[in-house]
Amino acid sequence: MLFSKMARPQPSGHSLPSHSSVTATSPTQAQSQSVPVSECRSTPRSGKGHVGIVGQNMLRPNVADEMIHELQICPLDEFLKVYAPCRPTSASVDAALRRMETMMPANGNWLGFGKGETEKTVFAKLTPIITALGSVDCVCEKEAQPRTLNFHYVDSSDIKICGEIKGSSYRVDACLLPTLHDTPPKELTVSELALVAEYKKSSTTDKVYDDRLKVLSAANHIMNDDPRRMWTYGVTIEHEKMALWYFSRSYSVKSEEFEYKKDRKTFLKIFMSFLFATEAEMGFDPTVRRVLHGKEIRYIYTITPENQPPRFFRMIRPIYIPRVACITGRQTRVWEAEEVNESSDSAEVLRNDGKRVVLKDVWLDERSQPESEIMDLIMKKLEVIASQPRDWPAGHLGRCITAALEDFPANLPFMKIDCTSTGTTCRAQSETSKPDPSILKPLPLVPTLQQSDRLVLPGSSQRHSRIPTTSSGHSSPGPSPRLGFSYQAPNSSLALTLLFLAGWVHRDVSTGNIIVVKSGDSFRGLLSDFEYAKEVNRADEPKHDPKTGTPFFMALEVHLGVSIVDKSSGMDGPEEQARLRAAIRNYKPGFKADGVFGPVVSPPWRFQHHHNLESLMWIALWFLLCRVKPILSAISNELNEEPLADQIFTNTPEPSPIRLKLFITPGYRPMAEAFHPNLGHDFNQKFTSLHRLLYQTCARQSPLSREDFTELHDFVWFYFGNIIDAVVQATGIDIEEEESDADANAQPPNAGETEITESANATNGTSKSEPRKRKASHTPHPFRLRSHHKAGGST
């Protein structure tokens, strides 16, 4: 395995069109034209937890909880104008109605609800009508020739849906497929579903909620499962009213209902728009092909860099494929890929010495600065630094910095962007679309700690971006988890020191953004994903920084969105203090103390270099608590006691009380007791030294100077190095192996309990304890925050 990760980070109003991007990376940086930073801004994000491997039908409440505040309502006419895949002419619709008159009489009885008829029997009557509609001539606006029929209606209420990610345990009442099946299939794949439909005879509150939740959940699964999807569609019928749905990374919108049996022309216009649409109009990305490679399904991405011919990358395996309960917002897939000569089933690998790439497929705010441009700006700063003499850092850190800057930029601990391509932008939002939480009310939801409170703020359109990142290594087995940590940790600390020298902060340091690659006979940890990086102390930066990053590894102040100590400016000067003392001496009931109670002005909160360094501490703690297997003495006898790691590491927009208490209490006793004793008798002191340093840095009243930050990086390099040495040198500890890609974040077979056998290396030898049962940890893998959260004020 060429690319190894300690964990897979598990990447959720009014919006503009969004687009996608694809990138490939390696240790050096490609050239790209930059744009002014002030023109770009961050994409709204919210906490999204990985939902794991569980039936999609079981996730419907989670989907509703995540999506209730992003759903919008739109007038039907506006929906057909803005969101429909194509717009048949009035003449085509009139002609279709004349041909369908016998099947759709004007009296509205063409879809009657007969006494005793089941829901299935009633809505099966739609099948021959919509099928016959496929034979009419459909001419769309601004076009001269009739379109070809591209999609076919299927009554699928009895057909199982199968997907490429686990959890495809649902059915839909009807769907549109690009392929016409000669006989009713026993199962359908998610990749075939161009539109899903859910029907109910009744319009009671519970039936309406169930109907909408099912179509919402099905669309969520399609967007999670199929990397070709830019957007997708849905239809719901509740008694005699019909509504349309559009789901995309920018927003999800539902049309207002209409009485479809009475308004036959609108009914026909809608289904003609779907049946005669092209695949691209229905949301299938034409630059991503699903192909058969041997006996396996693979995807081939076509990437066309600016002013260059197209290149083709075939996926080998997933590195990070999230399954989340939300659709809107930033979405990232990361693949190991190989470059091929074309985008067909028979594509051949290019002769490039067997090198592979990491390909990142991400949806970004269309106004956000591309990662390649951010990297260019950082590289220009580092190139200047490399050419000048330096008096800091010294010692081993200084020698590592010098080695990293030699043969610039080949030795830098960053993934190299090989090329980048900007893909499709989501449809622009209609001005008449408005958020409407009542679409999914009432909601029988009980949020849990691992479910995120929704952060509802104005969003923006998403654009698609593809970024292949190359490596100088070759395909080979990855390092062990312990060695992977030893490669990731020091290189990430080195990378952050280089960013400090360049005057930039990363803002999303996490295990998922440090990729271990083969380099000669060894491995290197390379920092990646600079989408949220920013230059510090710019004159035009916002008053307050938004929350960015992965909640598991966020610095506490970033997670809170405020400083952890009072750094306000109030009545602190000598004159103010004198007035206050005089007022205290003269106080009596009714006394008016003028000029004593001054305004409290809090300084703006901004992301700084120590927040990046604090993320390294959380990464180390996550590894020590979640990857190092505990010995039996550390396992609580209380099966219902929540593991400490589960209380600290949560995919929520605010830190848990335990995480807050831990950070402001260096040497926190429960944490010290959770460390494996074989790490050494002084290991807790080593970790506490790093912890106390970072806490005291945050607790300082005065602003941090450059000299403060240089000293901080020296100390962190020393303390962090000692922690790494202790982990690498320890004997008698077991490390949890990384899960396979297919089973990432799966629950154990018996989710409530799991058998564990632990061995502890005693001072006089190695002893093995008897197996016992403990409560299984459900600590999920980390996810980025997807919604923009205002920290202490507006941005």
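## Two helices that cross

Helix axes here are lines fitted to C-alpha atoms over the stretch in contact, with angles running from 0 to 180 degrees between N-to-C directions. Helices (H or I, at least four residues) and strands (E, at least two) are DSSP runs, numbered from the N terminus. This is a predicted model, where local features need pLDDT of at least 70, side-chain atom pairs count only at pLDDT 80 or more, and totals for chains, interfaces and linings use all residues. Residues are numbered from 1 along each chain as its sequence is written, and side-chain values use heavy atoms, leaving out hydrogens and water.

Now take α3 (residues 90-99) and α7 (residues 264-275): their axes come within 9 Å and cross at roughly 110°. That makes α3 roughly perpendicular to α7 (a label for angles of 65 to 115 degrees). On the α3 side, the contact (heavy atoms within 4.5 Å) includes Ser92, Val93 and Leu97, while α7 brings in residues including Arg264, Leu268 and Met272.

## A tucked-in arginine

Have a look at the loop between α6 (205-225) and β8 (231-238), and you'll find Arg228. Arg228 is buried, at 12% relative accessible area (buried means under 20%, with a 1.4 Å probe and protein chains only).

Beyond neighbours within four places in sequence, Arg228 touches Ser191, Gly283, Phe284, Asp285, Val288, Arg290 and Tyr299. Tyr299 sits 71 residues away along the chain, yet the two C-alpha atoms are separated by 8.6 Å.

Methods:
Buried means under 20% relative accessible area, exposed over 50%, partly exposed in between (1.4 Å probe, protein chains only). Angles under 35 degrees count as roughly parallel, over 145 as roughly antiparallel, 65 to 115 as roughly perpendicular and the rest as oblique.
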